[in-house]
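Reader: I would like a close look at one single part of this model. Please take me through it step by step.

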Amino acid sequence: MSQTYRDQLFAWMKSHVYRYSESPFRLASGLESHHYFNCKEITLHPERLAVLAECFVEEIIPKMGIEFQAVGGLTLGADPLAYSIALAYQKKGKLIYPLVVRKETKGHGTGQQIEGFWKEIKSCLVVDDVITTGGSTLKAVQVLREAGISVTKGICILNREEGGAENLEKAGVQMESIFRKSEFF
């Protein structure tokens, strides 16, 4: 059987991303865990990011049965995902706009909370690197929806299986992940 993009990513996740420690790590959610996943080891490495984008565009998104005009989420975790997925679609001749959702409204210039060509966008696939409680993704969904953009589905690299996908489901967003935390131990 030929190796999939997911297979290559799994090898990199095990060797570069996943860490276990007896003393717990503090997560962005505020929770503590002995298991830590630094997905920046994928998203900030050009070769790995290119494979990740192909995995999303070729293996994950087609199974979701969704049409969307944009892809984006809360800065910083979502930014490389949005850019690389937009570029992967561009190579296929399809225009998908990357959107960046700021954590707060910009305090200068135009004062926008969403950056990118969003004013004509009707639908967005929300993205994040890791989902724990879903708080960051929910914040992005709220901002996008307040701007009149439909968000019903999302993708992430890793679901930590700590309630985030369920919290997003309650908000009307179905999340698909490439990996689950339980696959690593």
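Author: Start with Thr132. Leaving aside neighbours within four places in sequence, Thr132 is in contact (heavy atoms within 4.5 Å) with Leu27, Ser29, Leu31, Arg160, Glu162, Gly163 and Gly164. The model is predicted: local features need pLDDT of at least 70, side-chain atom pairs count only at pLDDT 80 or more, and totals for chains, interfaces and linings use all residues. Residues are numbered from 1 along each chain as its sequence is written, and side-chain values use heavy atoms, with hydrogens and water left out.

Thr132 sits in the loop between strand 6 (124–131) and helix 5 (135–146). Helices (H or I, at least four residues) and strands (E, at least two) are DSSP runs, numbered from the N terminus. Thr132 counts as buried, at 11% relative accessibility. Buried means under 20% relative accessible area, with a 1.4 Å probe and protein chains only.

Now take Arg160. This residue lies in the loop between strand 7 (153–159) and helix 6 (164–170). Arg160 is buried too, with a relative accessible area of 2%. Beyond four places in sequence, Arg160 touches several residues, including Leu27, His35, Val130 and Thr132. A polar atom of the Arg160 side chain lies 2.9 Å from the backbone oxygen of His35.

Notes: Buried means under 20% relative accessible area, exposed over 50%, partly exposed in between (1.4 Å probe, protein chains only). A polar contact is a pair of N or O atoms within 3.5 Å; within protein, one must be able to donate a hydrogen and the other to accept it, and residues adjacent in sequence count only if both atoms are side-chain atoms.
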